Amino acid sequence: MPPEPHILIDARVNVTVPIDVLGKRKLSAEISGRAAQFFNASVVSAYGLSETGLVAYQCAHGRFHIDRSACYVEQDGPSGAGTAELIVSTLLNPAMPLLRYRTGDSTLPGQTQCACGRSDPGLVEIAGRIVPTFRTAAGAPVSPSQLFRNLPSYSKDLIEYRVDQLEPGRFAVTIETRAVDRAEFARQIAARLNGALDGVGSASVILDEIPRGDKFQRYRDLSG
């Protein structure tokens with residue numbers, strides 16, 4: 001009987017882990033260490049988008065270096081330590097070239113020189129998806145993700161939702177549901193939302209299917 005096959009992972013090979021930008025989640029040091037031990041390989045994170053492919057990869061010092069063979073990157077925002085939106089140009093998109101594609105992702109710009117020895121442009125950190133700041137009826141700024149953080153827990157019949165700010169303190173919440181009585185479901189969600197928003201504003205609930213894509217925006221400021 002022939003011996004059972006074995007898989008050998010070369011120690012010089014990297015295990016690349018994509019970043020969940022929306023949740024700003026990366027592997028913890030503990031899980032990274034366990035994965036490295038299991039695969040007998042170094043574990044690094046990489047950043048990319050479905051529209052552009054790989055954009056940057058992480059070195060041993062934690063900094064993300066731009067893959068200049070695949071794309072050209074700009075950062076639109078304050079220089080120095082401030083966050084800036086990442087803008088990518090690439091010819092590798094199979095449908096069409098992307099020129100100055102606004103990713104909607106926030107980054108912290110890096111300096112020219114990295115401790116790993118590379119002098120190519122890099123990013124200190126992928127900070128996450130840029131979301132608008134909503135305003136209460138009194139005009140105070142508020143984070144939409146904090147304001148509506150409990151909405152997903154209101155019912156197991158809630159499939160997806162999107163929140164639009166129409167004016168300070170007035171919100172339109174579009175919901176997609178699997179509930180049998182959709183009208184009653186919308187009334188229940190509206191009652192709970194307006195109870196939670198008491199003193200902050202009011203929300204109307206709209207029943208509709210929500211289109212989703214690579215740049216799905218859960219929170220939109222339409223107040224102008």
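I looked up the hairpin and found that strands β2 and β3 form it, with three residues between them. Strands here are DSSP runs of E of at least two residues, numbered from the N terminus. This is a predicted model: local features need pLDDT of at least 70, side-chain atom pairs count only at pLDDT 80 or more, and totals for chains, interfaces and linings use all residues. Residues are numbered from 1 along each chain as its sequence is written, and side-chain values use heavy atoms, with hydrogens and water left out.

I checked the pairing next. β2 and β3 (residues 53-58) run antiparallel and are joined by four bridges; two strands pair if DSSP finds at least two bridges between them. Opposite Y47 I found A56 in β3.

Of the eight residues of β2 (residues 42-49), six are buried, so the strand is largely enclosed by the rest of the structure. Buried means under 20% relative accessible area, exposed over 50%, and partly exposed in between (1.4 Å probe, protein chains only).

I searched the whole structure for aromatic pairs and got four. F38 and F39 form an edge-to-face pair, with 5.1 Å centre to centre and 90° between the planes. Rings of Phe, Tyr and Trp (its six-membered ring) pair if their centres lie within 6.5 Å, and planes over 60 degrees apart count as edge-to-face. F38 is exposed at 67% relative accessible area, whereas F39 is partly exposed at 33%. I also noted a cluster in which ring pairs link F134, F148, F171 and Y219.

Conventions. Phe/Tyr/Trp six-rings, centres within 6.5 Å; stacked < 30°, edge-to-face > 60°.
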